[in-house]
Amino acid sequence: GDSVTQTEGPVTVSESESLIINCTYSATSIAYPNLFWYVRYPGEGLQLLLKVITAGQKGSSRGFEATYNKETTSFHLQKASVQESDSAVYYCALGDDGSFNKLTFGAGTRLAVCP
Amino acid sequence: GGIITQTPKFLIGQEGQKLTLKCQQNFNHDTMYWYRQDSGKGLRLIYYSITENDLQKGDLSEGYDASREKKSSFSLTVTSAQKNEMAVFLCASSIGTGAGNTLYFGEGSRLIVV
């Protein structure tokens, strides 16, 4: 079946440092999956951070970027300079490009940004 | 914007008991979902519904029932609670089922079985 593997947390970085959270996927039933990063801030529900549905494209939101790399089956999340407000749990997910958007999620990576 | 409300936030029950979680959304979305999240693992789909009175099984439907009484609500019942299924249950909704549609999630309901 399909699977998503991401950096095991917790990840702790200092404010203004750069960040990368790795995500690799295995899509056995889907030729070109849609790729997502969802985020859960403390006290809030899971919400979409960014998505990319075309291989080779880059998505960005709130200073975060992720590039859909079909060759390495990766979708790493990066930010050049993190802020304390970025502290959250980040989930990488892949979705079917067919009629039903069934999502397969990674286990999540907890990020703590220290002031 | 809309909101997804899950009740209760914490559900405590005894082993073997039938327990029900409720979810309401005011996005006017057609599709609703129930996911289960175990500690340290990704979310897994239990049931989804593409419209009122529709039910579709996900990967983890055994031991659960669901009900979509109206467009705005989606309930999940644990038919016989077991201690090994203590987890967080997440409700979500989306406009449709099309590829790339964004899911909107509730804050989650934690199941505790004593």
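This is a predicted model: local features need pLDDT of at least 70, side-chain atom pairs count only at pLDDT 80 or more; totals for chains, interfaces and linings use all residues.
A search of the whole structure returns two disulfides over all chains. A:Cys23 belongs to strand β4 (residues 23-26) of chain A and A:Cys92 to strand β10 of chain A, so the bond ties together parts that are 69 residues apart in sequence. B:Cys23 counts as buried at 1% relative accessibility, and B:Cys91 counts as buried at 0%. A further cysteine, A:Cys114, counts as partly exposed, with a relative accessibility of 32%.

Aromatic contacts were examined next. With ring centres required to lie within 6.5 Å, the count comes to twelve aromatic pairs over all chains. One of them is the tilted pair of A:Phe36 and A:Tyr38, with 6.1 Å from centre to centre and 35° between the planes; both of these residues are buried. Another is formed by B:Phe27 and B:Tyr104, whose ring centres are 4.8 Å apart and whose planes meet at 35°, so that this pair is tilted. B:Phe27 is located in the loop between β3 (19-25) and β4 (31-37) of chain B, while B:Tyr104 is in strand β10 (residues 104-105) of chain B, so the contact ties together parts that are 77 residues apart in sequence. B:Phe27 is partly exposed, with a relative accessible area of 24%, and B:Tyr104 counts as partly exposed at 36% relative accessibility. Ring pairs also link residues of both chains into a cluster made up of A:Phe36, A:Tyr38, A:Phe105, B:Tyr33, B:Tyr35, B:Tyr48 and B:Phe105. A contact of another kind involves A:Lys70, whose charged end sits over the ring of A:Tyr32 at 4.9 Å from the ring centre.

The largest pocket has a volume of about 750 Å³. It is lined by 31 residues, of which A:Arg40, A:Tyr91, A:Arg110, B:Gln37 and B:Arg110 are the closest to its centre. The elements that contribute two or more residues to this lining are β10 (88-95) and β12 (109-114) of chain A, together with β11 (109-113) of chain B. Sorted by class, the lining comprises twelve nonpolar, ten polar and nine charged residues.

Several backbone features complete the description. Most residues other than glycine have a negative phi, and most peptide bonds are trans. Against this background, a cis peptide bond with omega of about 0° joins A:Gly9 and A:Pro10, and A:Pro10 is placed in the loop between β1 (3-6) and β2 (11-14) of chain A. In chain B, a cis peptide bond with omega of about -10° joins B:Thr7 and B:Pro8, the latter being found in the loop between β1 (4-7) and β2 of chain B. A positive phi, near 80°, occurs at A:Ser16, a residue other than glycine; A:Ser16 lies in the loop between β2 and β3 (19-21) of chain A and is exposed, with a relative accessible area of 53%. B:Asn28, which is not a glycine, has a positive phi of about 65°; B:Asn28 is found in the loop between β3 and β4 of chain B and counts as exposed at 57% relative accessibility.

B:Lys18, in the loop between β2 (10-13) and β3 of chain B, is exposed with a relative accessible area of 60%, and its C-alpha atom is separated by 5.6 Å from that of B:Val78, 60 residues apart along the chain. A:Lys51, in strand β6 (residues 47-52) of chain A, is partly exposed with a relative accessible area of 35%, and the C-alpha atoms of A:Lys51 and A:Val13, 38 residues apart along the chain, are separated by 24 Å.

Conventions. Residues are numbered from 1 along each chain as its sequence is written. Chains are lettered from A and ligands numbered from 1 in the order in which they are written. Side-chain values use heavy atoms; hydrogens and water are left out. Rings of Phe, Tyr and Trp (its six-membered ring) pair if their centres lie within 6.5 Å; planes under 30 degrees apart count as stacked, over 60 as edge-to-face and the rest as tilted. Buried means under 20% relative accessible area, exposed over 50%, partly exposed in between (1.4 Å probe, protein chains only). Helices (H or I, at least four residues) and strands (E, at least two) are DSSP runs, numbered from the N terminus. A charge sits over a ring if NZ of Lys or CZ of Arg is within 6 Å of the ring centre and within 35 degrees of the ring normal. On a 1 Å grid over the protein atoms alone, a cavity is a set of points where a 1.4 Å probe fits but cannot get out, and a pocket is an open set with protein on both sides within 12 Å along at least five of seven lines; lining residues have an atom within 4 Å of a point. Grid points are joined across faces, edges and corners, and a volume is the space filled by probe spheres set on the points. Ala, Val, Leu, Ile, Met, Phe, Trp, Tyr, Cys and Pro count as nonpolar, Asp, Glu, Lys and Arg as charged, and the others, Gly among them, as polar. A disulfide is a pair of cysteine sulfur atoms within 2.5 Å.
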